[in-house]
Amino acid sequence: LMMFNLMNYAQFERKQTGERITANFMARAYRGLWNGGQIPTGYRRNPENKGALLVDKKEAQKLNKIFSIFLKTGNLNQTCKELNAQGIRTKEFTNRKGESKGGNLFTVASLHHILTNATVVGLREINKKRGNKELVKANWPAILDKKIFDAVQKKLEGNRRKFK
């Protein structure tokens with residue numbers, strides 16, 4: 001009986017800890033802070049403030065070029081071909097183990113991920129994977145103008161209906 005009660009208390013504490021961690025992540029997200037993960041194209045980690053991102057000038061120029069090429073071609077596949085022909089690659093980074101990652105050719109999926117990421121206009125996406133996505137003002141500066149981002153989203157939506 002004592003072992004059963006101790007196991008119940010341990011299970012209860014584990015569940016409580018998980019709920020507190022989840023609530024903390026959500027609170028940070030609603031404040032517009034970065035919770036971790038792979039840094040998006042155009043940004044780099046801020047060493048003084050882990051909840052904010054800094055603009056990487058070289059990556060930001062690449063990002064502007066990606067969006068302008070897409071608006072010119074209007075097609076993900078053609079944009080991939082154009083980017084790969086110009087020698088533009090995905091973001092290169094080093095993981096925690098010290099391994100170099102990224103720097104690959106663009107695929108339709110990787111390009112779509114970059115074009116639909118609202119981080120570049122200074123917005124933080126919350127609950128994106130759960131379906132009820134919310135956008136809040138982020139704790140980092142925008143790279144792109146909101147009008148350009150909205151034009152790309154409108155074009156992508158039109159393409160989705162067209163090619164479905």
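**Helix packing and the nonpolar core in a predicted model**

The protein chain has a mean pLDDT of 90, and 98% of its residues reach 70 or more; pLDDT is the predictor's confidence in each residue, from 0 to 100. The model is predicted, so that local features need pLDDT of at least 70 and side-chain atom pairs count only at pLDDT 80 or more, whereas totals for chains, interfaces and linings use all residues. Residues are numbered from 1 along each chain as its sequence is written, and side-chain values use heavy atoms, with hydrogens and water left out. Confidence is highest in helix α1 (residues 2–30), at a mean of 94, and lowest in strand β3 (residues 93–94), at 84. Helices (H or I, at least four residues) and strands (E, at least two) are DSSP runs, numbered from the N terminus.

Helix α2 (residues 57–73) packs against helix α4 (residues 108–115) at an angle of about 105°, and their axes lie 11 Å apart. Axes are lines fitted to C-alpha atoms, for helices over the stretch in contact, and angles run from 0 to 180 degrees between N-to-C directions. That angle makes α2 roughly perpendicular to α4 (65 to 115 degrees; under 35 is roughly parallel, over 145 roughly antiparallel, and the rest oblique). From α2, Leu-63, Ile-66, Phe-67 and Phe-70 meet Leu-111, Ile-114 and Leu-115 of α4.

The largest nonpolar core comprises 29 residues, and Phe-67, Leu-83, Phe-106, Leu-111, Leu-115, Val-120 and Val-121 have the most contacts inside it. Such a core is a set of buried Ala, Val, Leu, Ile, Met, Phe, Trp, Tyr and Cys residues joined through side-chain atoms within 4.5 Å. Two or more residues each are given to this core by α2, α3 (76–85), α4 and α5 (146–163), and the largest share, six residues, comes from α2.

Thr-41 lies in the loop between α1 and β1 (43–45). At 12% relative accessibility, Thr-41 counts as buried (under 20% relative accessible area; exposed is over 50% and partly exposed in between, with a 1.4 Å probe and protein chains only).

Conventions. Contact = heavy atoms within 4.5 Å.
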